[in-house]
Amino acid sequence: MATVTQSTKFGNFMWPVVAWGVALIFFFPIFWLVFTSFKTDQDAVNPEFLWRFTPTLENYTNMTDNYDYWKFATNSVITSVFATLFALVVGVPAAYAMAFNPSRHTKDILMWMLSTKMLPAAAVLYPMTFLTKNMLGIYDTHFLVIVVLCLVNLPIVIWMLFTYFKEIPKEIIEAGKMDGVSTWGEIKDILIPLAWGGIASTALLTFIFCWNEAYWTVRLTTFNASTLSTLIEGNRAPEGLFFGRLSAVSTAAIAPIVILGWFCQKQLVAGLTFGAVK
Amino acid sequence: MKSLLNTALGLTIGVTGASIAMADGHTELTIAIVNNGHMINMQSVAEAYTEETGVALNWVSLEEGVLREQVTSDTATGGGQYDIINIGMQEAPIWGAAGWIEPLEFGAEYDVDDMLPAMRNGLSHEGTLYAAPFYGESSMVMYRKDLTDAAGVEIADNDSWDNIQAAAAAIHDPDNGVYGVCLRGKPGWGDNMAFVTTVVNSFGGAWFDADYRPTLDSDEWNAAINFYVDLLGTYGPPGSEGNSFNEILALYNEGRCGMWIDATIAASFLEVDGVAYAQSPNAGNPVGANWLWAWAMAVPAGSPNYEAAMDFIEWATSKEYIQAVANHPDFGWGSVPTGTRASTYAYEEFQAAAPFAAAEMAAIESAAPEATDLKPYVGVQFAAIPEFPEVGTAVAQEIAAALSGAKSVDEALEAAQAAADAIMSEAGYY
């Protein structure tokens with residue numbers, strides 16, 4: 001008994017220490033990024049100023065003087081919000097159909113959707129450029145970025161929603177059917193309220209993925225629809241150590257999404273662990 | 001839900017329409033630039049150009065690799081996204097020959113003869129200039145005079161590789177965190193292979209023979225790579241296979257490199273005292289021992305604003321632009337783009353602000369990009385053929401494997417030859 005009490009006491013002390021240790025390790029890169037953003041480019045690579053330095057805002061003023069930060073940020077918001085909305089508009093009915101009215105091909109369709117994520121994006125860069133620029137004339141538009149972000153994330157959205165919907169007892173939906181509720185009514189009045197936590201966390205994750213997407217947003221835009229990913233790319237330099245400048249740009253690019261994540265962490269965790277404990 | 005969907009669709013169409021309808025009225029030029037200090041400064045200096053001419057400038061600044069991908073896919077699909085593009089010396093002659101970029105013709109006041117001949121040749125195809133150099137560089141030795149003096153060794157211009165190795169051995173002091181020599185080892189055609197090719201050239205080797213068959217199995221390559229692996233493996237910092245320009249720049253500024261052979265532009269970033277410069281070493285063949293590179297401005301064939309684009313390029317690569325940077329309140333002579341015009345090096349103010357100016361000028365002037373008896377292609381540290389990036393990247397991996405000790409030099413070169421041979425054969429050279 002004494003051993004059990006001792007080990008419980010030890011556990012009570014150790015686990016928080018381990019948890020804090022792991023959390024600090026995960027947080028350190030973010031801290032260092034923000035910390036470095038207040039150093040000049042010279043101080044950022046000088047070991048003499050590793051911890052003690054004169055803070056400056058010049059990297060942030062550079063971002064608005066030499067680059068139009070607000071244009072990039074606005075584009076990120078527009079494209080991420082609409083891509084997430086459209087992904088849900090397509091994803092919810094698709095996942096509903098597969099979860100509650102599965103056919104013998106449902107599993108194959110789900111696997112096929114996942115397999116589209118396995119194609120390296122670079123393999124279709126040239127056809128995508130040709131198609132969107134020369135044939136459709138929608139290159140460098142918000143519409144194109146929204147469509148691409150939506151399509152890129154759709155497999156994940158459908159998979160996540162499918163998993164959440166599977167947790168809902170089929171009988172509830174069937175009871176609705178027997179009461180004469182239409183399909184749209186089933187989705188709107190029964191499914192969405194029941195799976196709201198899962199839908200919210202899917203939306204949040206999709207928004208984060210859209211915000212962070214860098215391959216297509218950089219390569220399918222030039223000036224009008226460029227997002228914050230392009231701003232970061234534009235501050236990477238192979239000849240020259242501009243770490244202060246790059247840190248400031250990266251901090252400003254991730255700040256909105258970190259703040260959003262902070263406020264929505266309860267929903268995120270609740271959604272991600274939905275159905276995990278039974 | 002329905003109204004939400006309608007609003008979303010309406011907003012998207014509205015936003016898309018707005019972005020398409022932007023370009024009308026006055027002339028707008030969209031310029032794709034590589035992100036380096038000179039190009040970023042240009043955005044501020046060019047505000048005066050916009051004020052004077054009324055031409056609005058949209059800058060698209062990208063990292064080198066992404067820029068290359070972006071501009072290549074745009075140009076290969078007929079252009080149209082950019083009015084002016086930044087391209088390097090590897091692309092300019094190829095794209096010029098393919099008709100992807102317009103030939104450049106300047107008025108008499110532009111003084112095209114002031115352009116350094118090596119740059120002009122490297123950016124031309126069959127005598128026609130296709131891109132105007134904005135900033136250029138060669139390679140040279142940068143070393144710490146305090147360490148060589150203390151060790152009692154000297155490094156001369158165009159020294160022999162044996163002397164360089166002896167000097168590296170003399171100043172090598174890993175116990176105190178100082179390594180004899182720092183060189184590029186990170187795999188990439190523009191990374192380790194830029195330096196390695198100059199070593200191979202100086203040993204009398206080349207990438208391809210007259211029929212464009214790779215010659216990586218030659219004695220010259222074998223001797224050069226054995227020397228490089230031995231020099232950097234013995235007297236270089238640990239983990240050199242992960243180092244390229246930026247990593248070594250950080251090491252050098254921390255005082256960890258006794259010697260560094262790399263781009264002349266590095267000299268303007270060095271913050272340690274007592275740096276001395278020397279022309280690149282060689283193993284008996286000085287031709288091709290120092291590289292040549294330029295970031296240049298070109299007009300894609302699809303640009304609807306050719307006249308306005310030419311006017312801007314003429315201004316941005318002129319002698320007047322050099323003066324504009326020098327007189328700009330935020331910059332000065334230490335910030336002018338170098339390596340393009342002979343007149344820049346004649347200014348006393350520039351010589352005073354840039355102690356490396358004479359060494360840089362000598363390095364650029366001695367670089368020889370033209371085809372010679374030894375090699376059929378244009379380019380010093382690269383071959384100006386479309387297949388080179390693929391060949392260079394494949395070989396770069398093998399050389400890095402040899403440097404890290406994962407493979408022997410013989411094994412690495414054998415694999416490199418096989419990879420290069422497959423690419424060139426598939427491309428239809430033989």
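**Figure 1. Where chain A meets chain B.** In this predicted model, the contact draws on 36 residues of chain A and 41 residues of chain B; two residues count as being in contact if their C-beta atoms, placed from the backbone, lie within 7 Å. Local features need pLDDT of at least 70 and side-chain atom pairs count only at pLDDT 80 or more, while totals for chains, interfaces and linings use all residues.

**Figure 2. The helices on chain A's side.** Look for helix 4 (69–100), helix 6 (125–135), helix 7 (142–166) and helix 11 (215–219) of chain A: each brings at least two residues to the side that touches chain B. Helix 6 of chain A gives the most, with 6 residues. Sorted by class, this side of chain A has 18 nonpolar (Ala, Val, Leu, Ile, Met, Phe, Trp, Tyr, Cys and Pro), 7 charged (Asp, Glu, Lys and Arg) and 11 polar residues (the others, Gly among them).

**Figure 3. Chain A by itself.** Residues are numbered from 1 along each chain as its sequence is written, and chains are lettered from A and ligands numbered from 1 in the order in which they are written.

**Figure 4. Inside chain A.** Of the 278 residues of chain A, 37% are buried, meaning that 20 or more other C-beta atoms lie within 10 Å of the residue's own, with C-beta atoms placed from the backbone. The C-alpha trace of chain A spans about 75 × 75 × 30 Å along its principal axes.

Note on methods
Helix = DSSP H or I, 4+ residues; strand = E, 2+ residues; numbered from the N terminus. Buried ≥ 20, exposed ≤ 12 C-beta atoms within 10 Å, placed from the backbone.
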